[in-house]
Amino acid sequence: MFSSRILLTLPAVLAGACLATQPALAQPAAPAPTPGRVPAGTGASPAPRPAVFQKWRRGVQAVTYDTRVVPLGATARVEFSSTGQNLWIRLEVTGLVPRRAYGAHVHVAECGPDPKAAGPHFQHRHDPAATKAKPSADPAYANPANEIWLDFTTNARGAATVSREQHWMFPDDQPPKSLILHAQTTRTGPGVAGTAGDRVGCLNLPFGYGSGR
């Protein structure tokens with residue numbers, strides 16, 4: 001199972017607030033690892049340099065699909081921490097549109113020239129009814145406990161920070177590959193659960209970035 005902590009940074013504006021509709025997460029028994037460090041025995045990866053949102057081209061780490069919503073030069077950092085049982089995720093963004101709400105989810109595939117290239121949301125328990133053409137929209141599977149939702153609202157400077165805790169780990173052979181920024185916050189109702197409007201930005205995560213898979 002995934003057990004190392006990885007940092008990723010990109011330019012963008014997010015001023016952190018989880019959606020009020022998202023359930024509060026239980027606090028871990030022990031304090032979550034501090035940025036840049038993980039508990040002894042789990043290992044750590046050094047924080048990469050900030051990545052900047054750019055128009056898509058091969059090798060770009062962060063892509064903007066709509067510069068009105070994710071301006072060129074915005075940045076973001078995604079940090080994963082683990083003790084081997086629970087997973088902590090923290091997203092920081094800067095340079096986005098001030099006082100604007102965004103949806104944000106972890107996806108299964110890498111960014112591409114087409115926003116759809118990132119595929120569906122990463123799910124801990126896969127929805128058996130979901131297909132490539134029709135991703136899961138069942139609240140039993142498309143929910144913030146089974147997926148990673150990092151919705152936020154930016155502050156007056158276009159920045160935000162949001163964090164979550166999941167009580168599961170990524171499988172070693174199928175980690176997520178990207179984080180998608182959406183134009184709207186995430187819906188939760190039957191048939192629309194997990195949807196959040198247009199895909200306006202994409203960040204390749206270190207698990208798959210540059211792997212060619």
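**Notebook: loops, cores and a histidine**

I started with Arg99, which lies in the loop between β5 and β6. Strands here are DSSP runs of E with at least two residues, helices are runs of H or I with at least four, and both are numbered from the N terminus. I'm working with a predicted model, where local features need pLDDT of at least 70, side-chain atom pairs count only at pLDDT 80 or more, and totals for chains, interfaces and linings use all residues. Residues are numbered from 1 along each chain as its sequence is written, and side-chain values use heavy atoms, with hydrogens and water left out.

**Still on Arg99**

I looked up the backbone angle: phi of Arg99 is near 50°, a positive value in a residue other than glycine. Is Arg99 buried or exposed? Arg99 counts as exposed because its relative accessible area is 64%. The cut-offs I used: buried is under 20% relative accessible area, exposed is over 50%, and partly exposed is in between (1.4 Å probe, protein chains only).

**The whole chain**

Next I zoomed out. I found 10 strands and 0 helices, so I noted the definition again: only DSSP runs count as elements. Of the 213 residues, 49% count as buried. The protein exposes about 10,100 Å², and carbon and sulfur atoms supply 54% of that; accessible areas come from the Shrake-Rupley method with a 1.4 Å probe, and for residues only the protein chains shown count as cover. I also checked contacts (heavy atoms within 4.5 Å). Among contacts between residues at least 6 apart in sequence, 73% join residues at least 24 apart.

**The cores**

Then I went inside. A nonpolar core is a set of buried Ala, Val, Leu, Ile, Met, Phe, Trp, Tyr and Cys residues joined through side-chain atoms within 4.5 Å. Which residues touch the most other members of the largest core? They are Leu91 and Phe152, in a core of 32 residues. I listed the elements that give two or more residues to this core: β2 (51-54), β4 (75-82), β5 (87-94), β6, β8 (160-166), β9 (178-182) and β10 (199-204). β5 gives the most, with 4 residues. There is also a second, separate core of 7 residues, and Val63, Ala118, Ile180 and Cys202 are among them.

**His121**

I found His121 in the loop between β6 (101-107) and β7 (152-153). His121 counts as buried because its relative accessibility is 15%. Which side chains does the side chain of His121 make polar contacts with? One is the side chain of His105, at 3.0 Å, and another is the side chain of Glu147, at 2.6 Å. A polar contact is a pair of N or O atoms within 3.5 Å; within protein, one must be able to donate a hydrogen and the other to accept it, and residues adjacent in sequence count only if both atoms are side-chain atoms. Leaving out residues up to four places away in sequence, His121 touches His105, Val106, His107, Val108, Glu147, Trp149 and Gly194.

Ala159 sits in the loop between β7 and β8, and at 16% relative accessibility I noted it as buried. Ala159 and Val93 are 66 residues apart in sequence, yet 5.3 Å apart in space, C-alpha to C-alpha.

Val192 is in the loop between β9 and β10 and is partly exposed, with a relative accessible area of 34%. Val192 touches Ala137 and Arg187, again not counting residues up to four places away in sequence. I also logged Val192 and Pro139 as 53 residues apart in sequence and 8.3 Å apart in space, C-alpha to C-alpha.
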